Amino acid sequence: MSRTDFSMKLCRKNNSLNLRQCRNRYSIFWEVPLSLLIVTLFFLWYLISRFVEKAFPEAVIQDYWLLRLCVSSIGYGCILIPGFVAYKYVNATGYLDRTDLGCFGRIVKLCLGEPDPDLMKTAESSTSSLVQTRSSSKKAFQLLYCFVGLQVSYLVWGVLQEKIMTQEYRNSSDETANFRDSEFLVFVNRVLAFAFSGIHLIFTRHPRHNCPLYKYIYCSLTNILSSWCQYEALKFVTFPTQVLVKASKIIPVMIMGKVVSKKKFEYYEYVTAVMMSIGMVMFLLNNNGSDKGVKETTISGVVLLAMYMSMDSFTSNWQSELFSAYSMSSVQMMCGVNLFSCLLTGVSLFSQGILFRSFEFMTKFPSFGMDCFLLSLCSATGQLFIFHTISTFGPVVFVIITTLRQVLAILLSCFIYQHHLSTFAVFGVAVVFIAIFLRIYCNQRLRNIRKQQLRSTQG
Ligand SMILES: Nc1ncnc2c1ncn2[C@@H]1O[C@H](COP(=O)(O)OS(=O)(=O)O)[C@@H](OP(=O)(O)O)[C@H]1O
């Protein structure tokens with residue numbers, strides 16, 4: 001007998017109650033098992049992840065990236081498995097169909113419930129009018145604002161990240177040590193970004209939030225996994241190789257856009273994407289010649305970079321999809337994504353013992369704490385710009401801006417350290433910029449043609 005049948009039987013015993021009152025009265029039949037299920041699965045999975053982690057000696061885990069990925073993923077299961085089972089349970093029992101949801105029910109609805117279609121229409125119409133007024137007057141300024149914001153925050157972020165991962169920390173008792181747990185840095189970045197966006201949401205006005213929270217899990221998971229792959233890949237490929245691969249990210253982002261959002265791209269968009277990638281490869285290959293051969297690119301490196309590219313492309317496309325489906329603000333997106341990133345990385349770090357180890361390092365070397373804080377501040381500011389760019393211009397423009405960031409960083413270092421740029425590298429940069437201008441030009445032309453067509457059909 002299903003749970004619904006059981007509660008209906010109880011209802012029938014009490015003739016004075018109508019169907020709705022019965023379902024509300026006996027809501028306990030849904031809520032108690034659901035809470036027990038979530039708590040039990042969480043602890044069960046936590047024990048499993050501890051067991052798996054203890055089953056392999058630390059040295060073995062450190063030696064094999066695939067094993068490390070498995071251990072981390074099993075840790076993420078503490079959140080994903082109970083969440084998935086709760087989702088299935090709620091759908092199977094029709095728990096959210098009840099009209100009078102209590103406090104527990106409202107939390108479940110916030111996490112798993114789809115919004116009322118009427119509310120969605122109101123939210124959509126208010127944001128579309130906002131976009132229309134923006135599009136005519138402020139778009140160019142907005143693009144410049146996103147561009148400068150992303151360049152500045154991630155330029156400083158890159159410098160701090162390199163400092164933390166490479167410098168030797170020294171404390172007052174003259175002890176020295178290096179910090180190695182990159183996953184912890186990802187965690188602190190997410191905690192501050194979550195706190196930052198949460199406080200912003202409390203004190204400022206935002207559109208009504210319609211998106212069920214569980215939808216953020218997908219992009220949150222791919223975001224932290226792509227970061228992980230990026231850090232791990234550096235153990236198998238050189239930094240310039242990684243930058244080189246990342247420079248052609250626009251192509252996977254477009255492919256993923258077709259898969260996730262069924263987007264259609266014009267021919268000129270494909271042509272300019274390929275031109276940009278070729279230009280970047282020409283620029284980077286001729287500019288990093290001296291680093292070649294330091295580390296040999298292995299299969300592991302290639303696999304990790306491929307995983308990074310696909311997950312990173314999915315992240316921005318999924319976020320863009322959520323922006324258009326649920327009409328939310330970029331701060332709401334930032335809060336939702338970082339909430340799950342904190343939970344996923346926090347549980348995983350805790351079960352692996354890295355959380356305590358890193359906090360211990362922080363107390364031993366206070367300057368590390370300060371660096372972490374500054375890094376997280378840059379990361380949070382950077383994320384504000386990332387989400388604003390994706391919501392206003394979409395993932396492809398975002399990836400073009402991040403690609404340009406790499407060109408500018410290298411040009412800046414050439415300028416500061418008086419490095420010589422080869423003719424081929426200069427040609428590469430020229431190809432990138434020609435591709436960008438071509439894209440803008442074609443985009444504008446296409447818009448004008450469409451406007452004219454619209455006018456002639458209306459006239
Ligand atoms: N779409 C989206 N949403 C949220 N966060 C994002 C997104 N894209 C990039 N990032 C974060 O930006 C940091 C730099 O990432 P990348 O090195 O992949 O970017 S870049 O292509 O080099 O610019 C990196 O931060 P850390 O994870 O803290 O290292 C990424 O996670």
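Me: At what angle do the axes of helix α8 and helix α17 cross?
Reply: This is a predicted model, in which local features need pLDDT of at least 70, side-chain atom pairs count only at pLDDT 80 or more, and totals for chains, interfaces and linings use all residues. Residues are numbered from 1 along each chain as its sequence is written, and side-chain values use heavy atoms, without hydrogens or water. Helix α8 (residues 139-166) and helix α17 (residues 366-393) are DSSP runs (H or I, at least four residues). Their axes (lines fitted to C-alpha atoms over the stretch in contact; angles from 0 to 180 degrees between N-to-C directions) come within 8 Å and cross at roughly 155 degrees.

Me: Roughly parallel or antiparallel: how does α8 run to α17?
Reply: The axes cross at roughly 155 degrees. Angles over 145 count as roughly antiparallel. So α8 is, to α17, roughly antiparallel.

Me: How do α10 and α14 run to each other, roughly parallel or antiparallel?
Reply: The axes of α10 and α14 come within 8 Å and cross at roughly 155 degrees. That makes α10, to α14, roughly antiparallel.

Me: How many nonpolar residues are in the contact of α10 with α14?
Reply: The contact has 6 polar and 3 charged residues. The nonpolar residues number 16.

Me: How many residues surround the ligand?
Reply: Among the closest are Arg-190, Ser-227 and Lys-249. By class, the shell has 8 nonpolar, 8 polar and 5 charged residues. The number of residues around the ligand (a heavy atom within 4 Å) is 21.

Me: Which side chain has an N or O atom 2.5 Å from an oxygen atom of the ligand?
Reply: A polar side-chain atom of Gln-230 lies 3.1 Å from a ligand oxygen. For Gln-319, a polar side-chain atom is 2.8 Å from a ligand nitrogen. The 2.5 Å pair belongs to Tyr-308.

Me: How much of the ligand's accessible area does the protein cover?
Reply: Elements giving two or more residues to the shell include α8, α10, α14 and α17. On its own, the ligand has 620 Å² of accessible area (Shrake-Rupley, 1.4 Å probe). The protein covers 96%.

Note on methods. Parallel < 35°, antiparallel > 145°, perpendicular 65-115°, else oblique. Polar contact = N/O pair within 3.5 Å; in protein donor to acceptor, adjacent residues only side chain to side chain. Nonpolar A, V, L, I, M, F, W, Y, C, P; charged D, E, K, R; others polar.
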